Amino acid sequence: MASINPTLSTPANCTADFSLIPIGSQSASFSKQVADIQRLMQNSGLKYQMHTTGTTVEGSWDQVSQIIGYAHTLIHQEGIARIQTDIRITTRTDKVQPMEANIASVQRALAT
C-alpha cells in the first residue's frame, strides 16, 4: 500500500449532495428509509437540507463522509442488501461559503 503524504489533509469545510439508491428492494417506495436518514441527519448536529432527490449536508470532509457512511449502515440494517449512492462534493479554500450563501447568490442574480 502506498504511504499517505503527511503534508496532506482533508478539506476543513465541504458541502455534499447525496442520494442513496436501494437496489433489489421489494417496494418502489423509499420514504421510510428517507425519513430514517433525515432523523440520522437531525441527530448528527450537522447542517443539512433535504430536497426532492436527496440531501445536502455541510461540515468537515471527515464528518460529511462519516454521516453518509452511517446512512448506508442504517439502510443496510433495515434489510436493503445493496445501495448505490450518488455524491457531489464541493470544497473551497478561498473562503467559507455556507450552502445558504450559494442560494442567496443565485437569488441576487435572478433579481437583476
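Colleague: What makes the pair Arg 88 and Asp 17 a salt bridge?

Modeller: In this predicted model, the closest N and O atoms of Arg 88 and Asp 17 are 3.4 Å apart. The cut-off is a side-chain nitrogen of Lys or Arg within 4 Å of a carboxyl oxygen of Asp or Glu, so the pair counts as a salt bridge.

Colleague: Why is this pair said to link distant parts of the chain?

Modeller: Arg 88 belongs to strand E4 and Asp 17 to strand E1, and they are 71 residues apart.

Colleague: Which of the two words, buried or exposed, applies to Arg 88, and which to Asp 17?

Modeller: Arg 88 has 58% relative accessibility, and exposed means over 50%, so Arg 88 is exposed. Asp 17 has 18%, while buried means under 20%, so Asp 17 is buried.

Colleague: How do you know that Lys 32 and Glu 78 form a salt bridge?

Modeller: Their N to O distance is 3.7 Å, and the limit is 4 Å, so the pair qualifies.

Colleague: Why is Glu 78 called partly exposed?

Modeller: The relative accessible area of Glu 78 is 30%. Lys 32, at 51%, counts as exposed.

Colleague: What about Asp 94 and Arg 92?

Modeller: The side chains of Asp 94 and Arg 92 meet at 2.6 Å, N to O, in a salt bridge. Asp 94 is exposed at 56%, and Arg 92 is partly exposed at 36%.

Colleague: Which residues do salt bridges that share partners join into one network?

Modeller: Lys 32, Asp 36, Arg 39 and Glu 78. The count for the model comes to seven salt bridges.

Colleague: What is the strand order of the open sheet, and which strands are at the edge?

Modeller: The four strands run in the order E2-E3-E1-E4, with antiparallel pairing. Strand E2 (47-51) and strand E4 (82-91) are called edge strands, as each pairs on one side only. Neighbouring strands are turned by 20° against each other on average, direction ignored.

Colleague: How do you know that E2 and E3 pair?

Modeller: Five bridges join E2 to strand E3, residues 54-59. Pairing needs at least two bridges, so E2 and E3 are paired strands. In E3, Thr 55 is the bridge partner of Met 50. A hairpin of two residues leads from E2 to E3.

Colleague: Which helix packs on the sheet, and which strands does it touch?

Modeller: Helix H3 (residues 99-111) packs there and touches strand E1 (14-23), E2 and E3. The direction of H3 makes about 55° with that of E2.

Colleague: What makes up the largest nonpolar core?

Modeller: This core has 16 residues, and those with the most contacts inside it are Phe 18, Leu 20, Ile 37, Val 57 and Ile 75. E1, helix H1 (31-44) and helix H2 (61-77) each supply at least two of the core residues. H2 gives the largest share, five residues. In soluble globular proteins, nonpolar side chains tend to be buried together.

Colleague: Which residues does Leu 20 touch, not counting residues up to four places away in sequence?

Modeller: Among them are Phe 30, Ile 37, Ala 71, His 72, Ile 75 and Ile 83.

Notes:
Residues numbered from 1 in each chain as written. Predicted model: local features only at pLDDT ≥ 70, side-chain atom pairs only at ≥ 80, totals over all residues. Heavy atoms only, no water. Axes fitted to C-alpha atoms, helices over the stretch in contact; angles between N-to-C directions. Contact = heavy atoms within 4.5 Å. Core = buried A, V, L, I, M, F, W, Y, C linked by side-chain atoms within 4.5 Å. Buried < 20%, exposed > 50% of the residue type's maximum accessible area, 1.4 Å probe, protein only.
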